[in-house]
Structures are given as structure tokens and as C-alpha cells.
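Please examine the structure shown below.

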Amino acid sequence: MTNNDILRRIRYTFDFKDKEVVEIFALADVTVTLEQVAAWMKRDEGAFVQMNSLELSSFLNGLINLKRGKRDGEQPQPDAHLSNNMVFQKLRIALNLKAGDILEILELANFRLSKHELSAFFRKPDNKHYRQCKDQILRNFLMGVQLKLRPEDQAEYQD
């Protein structure tokens, strides 16, 4: 999945307008313009602008601040390299999800995963039980969150 795809799916799931996306970036102390947001959302090649990992990481940090509140002290720095595992972890933090919650969300997207498989995604990369999160898993998680928060989409998804 591209960074733009992830941003698009999150924006749709939470029904964020472009202005709200700008405000979420501001919560992470990053300034972006409405024009930048619009360019990231485009699908056609003419006006499309590729979003880099630093920008997506900043957005996810802002989303955490929006949903959970800013933590005391120094704010986390955005990551220059962002893996699916890191995106998954940041979304888990933002949505305040436990393992059981994530498994239920994945079930909504008709995707089954064991608790042990899930915990492997949230381990440090040098841990022997660490497992890389593939696009399919992240895509199903985002779809499950969408189905949970926008139940009207379930009828379309089940057909």
C-alpha cells in the first residue's frame, strides 16, 4: 500500500475533510496546505503528489494527539522510514485498541488471525518472533475499521 492509499482510507473512514486533515498535521506541529492535502488525495497522474513516509508519520502522530491527547513532554518525532508494522502500531495507539479489539476488527473484514500472529507485528524488529506486516493485513485492518465506524458500508462490502 502506498502512503497516499493509507491516508485516503483513514480520511474516508473518519470522514475527515481536507481542512481537518490540515488540523491533524498541526497537532503534530507540522504545517501543510489544503493544496498539498488535495494533491495527496488525487488518483489521476496529472495532479497526484506522492506522500513520503515523514509526512504520513506526521499525520499519524497528529491522529494520535487528536484521539488520545498530546502526551506530556517532548512530542515523538516523525519517522523517515515507515513500515506497515509502524503504521499498524500508530493506528492501534490512536484508536486505543487491545489485541482482542484488533482481532474483532479483522473479523469484520473476514480476515482471521491468531493472537500470537498479531503480537508478532508489534514486537521490535530484532526480536526473533517479529513478523513483517504485509499489505494484505494492513488493508484488511483498515477495511475492518471502516466497517466498524461506517456500518452503512457493510452492505456494500458483504455483497
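This is a predicted model: local features need pLDDT of at least 70, side-chain atom pairs count only at pLDDT 80 or more; totals for chains, interfaces and linings use all residues.

Phe59 belongs to the largest nonpolar core, a set of 40 residues in which Ile10, Phe59, Phe88 and Phe141 touch the most other members. At least two residues of this core come from each of the helices H1 (3-14), H2 (18-27), H3 (34-41), H4 (53-68), H5 (84-94), H6 (99-108), H7 (115-121) and H8 (135-149). In soluble globular proteins, nonpolar side chains tend to be buried together.

Is Thr13 buried or exposed? Its relative accessible area is 5%, and because buried means under 20%, Thr13 counts as buried. The side chain of Thr13 reaches the backbone oxygen of Arg9 at 2.8 Å. Beyond residues up to four places away in sequence, Thr13 touches Leu142, Val145, Gln146, Leu149 and Arg150.

The largest pocket has a volume of about 300 Å³. It is lined by 13 residues, of which Asn61, Ile64, Arg71, Pro76 and Ile93 are the closest to its centre. Helices H4 and H5 are the elements that give two or more residues to this lining. Sorted by class, the lining of the largest pocket contains 4 nonpolar, 5 polar and 4 charged residues.

The second largest pocket holds about 210 Å³ of space. Among the residues that line this pocket are Ser83, Met86, Phe121, Lys124 and Tyr130. Helix H5 provides the largest share of the lining, 3 residues. By class, this second lining has 5 nonpolar, 3 polar and 2 charged residues.

Notes. Residues are numbered from 1 along each chain as its sequence is written. Side-chain values use heavy atoms; hydrogens and water are left out. A nonpolar core is a set of buried Ala, Val, Leu, Ile, Met, Phe, Trp, Tyr and Cys residues joined through side-chain atoms within 4.5 Å. Buried means under 20% relative accessible area, exposed over 50%, partly exposed in between (1.4 Å probe, protein chains only). Helices (H or I, at least four residues) and strands (E, at least two) are DSSP runs, numbered from the N terminus. A polar contact is a pair of N or O atoms within 3.5 Å; within protein, one must be able to donate a hydrogen and the other to accept it, and residues adjacent in sequence count only if both atoms are side-chain atoms. Contact means heavy atoms within 4.5 Å. On a 1 Å grid over the protein atoms alone, a cavity is a set of points where a 1.4 Å probe fits but cannot get out, and a pocket is an open set with protein on both sides within 12 Å along at least five of seven lines; lining residues have an atom within 4 Å of a point. Grid points are joined across faces, edges and corners, and a volume is the space filled by probe spheres set on the points. Ala, Val, Leu, Ile, Met, Phe, Trp, Tyr, Cys and Pro count as nonpolar, Asp, Glu, Lys and Arg as charged, and the others, Gly among them, as polar.
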